[in-house]
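I opened my notebook to record what I looked up in this structure, one topic at a time.

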Amino acid sequence: MTAELLSSVAGIVLSLAASYLPKFSEWYEALTGVYKRLVMAGLLVVVSLGAVGLSCAGWFDPLVTCDQAGAQQVISAFVAALVANQGTYLLSKG
């Protein structure tokens, strides 16, 4: 499994949670558009940094390396997660 695929799956799961998970979806729907995007981007940053932290700490097989190439891979994975997240949210709310 690649970091991009894992991040995309996390983006999809967060989007579906924002659409269908009781309490969280109600809270999320009450936000204005700008805050919705900021909350979702912030959650995806946490997921991305969490993957780096767990990988560098040796908790699971390294999805990313703890060097410059790994940082570039995390940025690429973050963008993939954003794309998957927003696409899923638009489809699930349509």
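The entries below go from the model itself to the fold, the surface and the disulfide.

**Model.** I noted that this is a predicted model, in which local features need pLDDT of at least 70, side-chain atom pairs count only at pLDDT 80 or more, and totals for chains, interfaces and linings use all residues. Residues are numbered from 1 along each chain as its sequence is written, and side-chain values use heavy atoms, with hydrogens and water left out. I looked up pLDDT (the predictor's confidence in each residue, from 0 to 100) and found an average of 81 for the protein chain, with 93% of the residues scoring at least 70.

**Fold.** I found four helices and zero strands in the protein chain, where helices (H or I, at least four residues) and strands (E, at least two) are DSSP runs, numbered from the N terminus.

**Surface.** I read that 30% of the 94 residues are buried, where buried means under 20% relative accessible area, exposed over 50%, and partly exposed in between (1.4 Å probe, protein chains only).

**Disulfide.** I found one disulfide, meaning a pair of cysteine sulfur atoms within 2.5 Å, and it joins Cys56 to Cys66 with an S to S distance of 1.7 Å. Because Cys56 lies in helix α3 (residues 33–56) and Cys66 in the loop between α3 and α4, the pair ties together parts that are 10 residues apart in sequence. Cys56 is partly exposed at 39% relative accessible area, whereas Cys66 is exposed at 52%.
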